[in-house]
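Student: I have a structure to go through. Can we check each label against its definition?

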Amino acid sequence: MATDASAENAAPDDDKLDKSVLLTAGVVVLGAIMSILDITVVSVALETFQEEFDATSAEVAWTMTGYTLALATVIPLTGWASDRFGTKRLYLLAVTLFTIGSILCAVADSLPMLVGFRVVQGLGGGMLMPLGMTILTRAAGPHRVGRVMAIMGIPMLLGPIFGPILGGWLIEAASWHWIFLINLPIGIAAIIYASIVLPKDNVEPSETFDFVGMLLLSPGLALFLYGVSSIPEAGTVWDAEVLATGIAGLVLIGLFVPWALNQRNVHPLVDLRLFANKNMTVAIIAMALFAIAFFGASLLFPLYFQQVRDESALSAGALLAPQGIGAMLTMPIAGTIADRKGPGRVVMVGICLVTLGMGLFTQLDEGTSYAYILGALFVMGMGMGATMMPIMSAALATLTAHSTARGTTLLNITQQTAASIGTALFSVILTNSLNGKDQAALGAANIERLAGDPERLDTLAQMTGIPLQQLQAMSVDERLSAVAQGMGVTLDQFQALAADGLAQMADSFATVFIVGTALVACCLIPAFFLPRKAAEEPVDPAMMMGH
């Protein structure tokens, strides 16, 4: 086990984040920025990949799915590996693997190659978050974990907001290759920085590796997440492929549970005995509910801006900035309060703010003022800054140095699984709501948007049968008139139908936000049981279970 003796022996009255902790936090944030930004940056490039590799949307979706499955496979191994080899060595390996994977992605000349290299990236990226949390928690000690988690939360909350902006700008200004090449200088800097700043590993003999657990949990998580991530494309949870992979994954995970709980001579891959710690259990339940709602809603905001308000991916990302600003304002305050007064009260306030902000989105329509939308995003951001990381700190502050690596692994598995479930859930609800609307009106709204975008006239030509060269020679009104004529209606009637389609589309988004608001409000129940005083001396869960 790798430890930092100075951090472990820090006195409770040593309350400030000293220079060594801040330098360590800088290392971790660099790695987190690479990992989290990469996910959101690549999401912007999916249409570009379709054109570049002449592929379908389902085929290019594997650039995201492959990365996610690699994460699911490697995260469970991280706790054991960090104890066995040391957090510094493993962190340097993770950054190196991620950086090499990024370079290989940039030079890929076919879609299968790109997907394969995304898997290499995911193997490195999957270790960065749990390792970073372990390193920070050990460096700061339990009495300062709220503040260092607030630092860790900056890339976690801002990545989904600024990733699309960065990705859109790089693709427009250079090429899609640069969304991967940008990781090269960051990766080199992170490797040099970590080599200098992180303390030397002091590894003690580790428990025997849990081969059976690996054969059950890693493929189980990968299969389950693959099934869940396939739901939006299938449109239903009852699809044969979704059911087969999802159930197979759940069976493997289910078999892992009794195996992990009944081990005496082998330390299980993921230590389920941590659930004997009440604060850990409550925090994981709260985080799972919050992650489902947060990551699900994160999918909706850019879609609303692009599909209903006809904003570009770049503009949609920029419009999300108030959310990040709100989070940046409250996150450091929330971290300090969580350390000094316990996370319970601050999380309750944060969840109330997120519920209020998301509740405002239930009133969306096609013409809702941007002042209203940006204000709601700002309120949500303030709530997020006071919620996610204090929940994580509530769990980590009660762990011993020995169980920290296993605890961060469990937290990251929960978060990754919940995020995938949230994305799939909200996608299906939105799709089903749109399927229940007037398809002619929705189609007219889509055609009107395509008619005004010179770069998407080929799609309009395919939909309407009007030759592309003819469409290119027309003005927007002439294109719409030609479409209306083909439908046997006047231009005014077509535009009225398109306006109705936009209204129905906006109504579908508002409906999904009702579900999101209810899910966030449910987080108040487990949050009520979070600690309301400063962290006490951590207790080893193995001792609590009589091991």
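Student: What share of the contacts in the protein chain with a separation of 6 or more comes from residues 24 or more positions apart?

Tutor: The share is 83%. Contact here means heavy atoms within 4.5 Å. Keep the ground rules in mind: this is a predicted model, where local features need pLDDT of at least 70, side-chain atom pairs count only at pLDDT 80 or more, and totals for chains, interfaces and linings use all residues. Residues are numbered from 1 along each chain as its sequence is written, and side-chain values use heavy atoms, with hydrogens and water left out.

Student: What makes up the secondary structure of the protein chain?

Tutor: There are 26 helices and zero strands. Both are DSSP runs numbered from the N terminus: helices are H or I with at least four residues, strands are E with at least two.

Student: Why is the protein chain called as compact as a globular protein of that length?

Tutor: Its radius of gyration is 24 Å, close to the 24 Å that the globule rule gives for 547 residues, so the description holds. The radius is taken over C-alpha atoms, and the rule is 2.2 Å times the number of residues to the power 0.38. Along the principal axes, the C-alpha atoms fill a box of roughly 80 × 45 × 45 Å.

Student: How do you know that the span of helix H20 agrees with its number of residues?

Tutor: H20 covers residues 439-451, which is 13 residues. The expected span is 1.5 Å times one less than the number of residues. That gives 18 Å, and the end C-alpha atoms are 18 Å apart, so the two agree.

Student: What caps the N-terminal end of H20?

Tutor: Asp-438 does. One of its side-chain oxygens lies 3.0 Å from the backbone nitrogen of Ala-440.

Student: Why is Lys-88 called buried?

Tutor: Buried means under 20% relative accessible area, exposed means over 50%, and partly exposed is in between (1.4 Å probe, protein chains only). Lys-88 has 15% relative accessibility, so it counts as buried. Lys-88 sits in helix H6, residues 87-106. Its side chain reaches the backbone oxygen of Ser-195 at 2.9 Å. Beyond four places in sequence, Lys-88 touches Ala-194, Ser-195, Leu-198, Pro-199 and Asp-201.

Student: Is Ser-433 buried or exposed?

Tutor: Ser-433 is at 16%, so it counts as buried. Ser-433 lies in helix H19, residues 401-435. Leaving aside neighbours within four places, its contacts are Ser-508 and Thr-511.

Student: Why is Asp-310 called partly exposed?

Tutor: Its relative accessible area is 48%, so it falls in the middle class. Asp-310 lies in the loop between helix H13 (278-308) and helix H14 (313-319). Its phi is near 60 degrees, a positive value in a residue other than glycine.

Student: What makes a set of residues a nonpolar core?

Tutor: The members are buried Ala, Val, Leu, Ile, Met, Phe, Trp, Tyr and Cys residues, joined through side-chain atoms within 4.5 Å. In the largest such core, of 123 residues, Tyr-91, Met-149 and Phe-361 touch the most other members. H13 gives the most to this core, with 18 residues. A second, separate core has 20 residues, including Val-41, Val-44, Leu-111 and Leu-114.

Student: Which residues does Phe-361 contact, leaving aside neighbours within four places in sequence?

Tutor: Among them are Phe-301, Ile-373, Met-380 and Phe-513.

Terms used. Polar contact = N/O pair within 3.5 Å; in protein donor to acceptor, adjacent residues only side chain to side chain.
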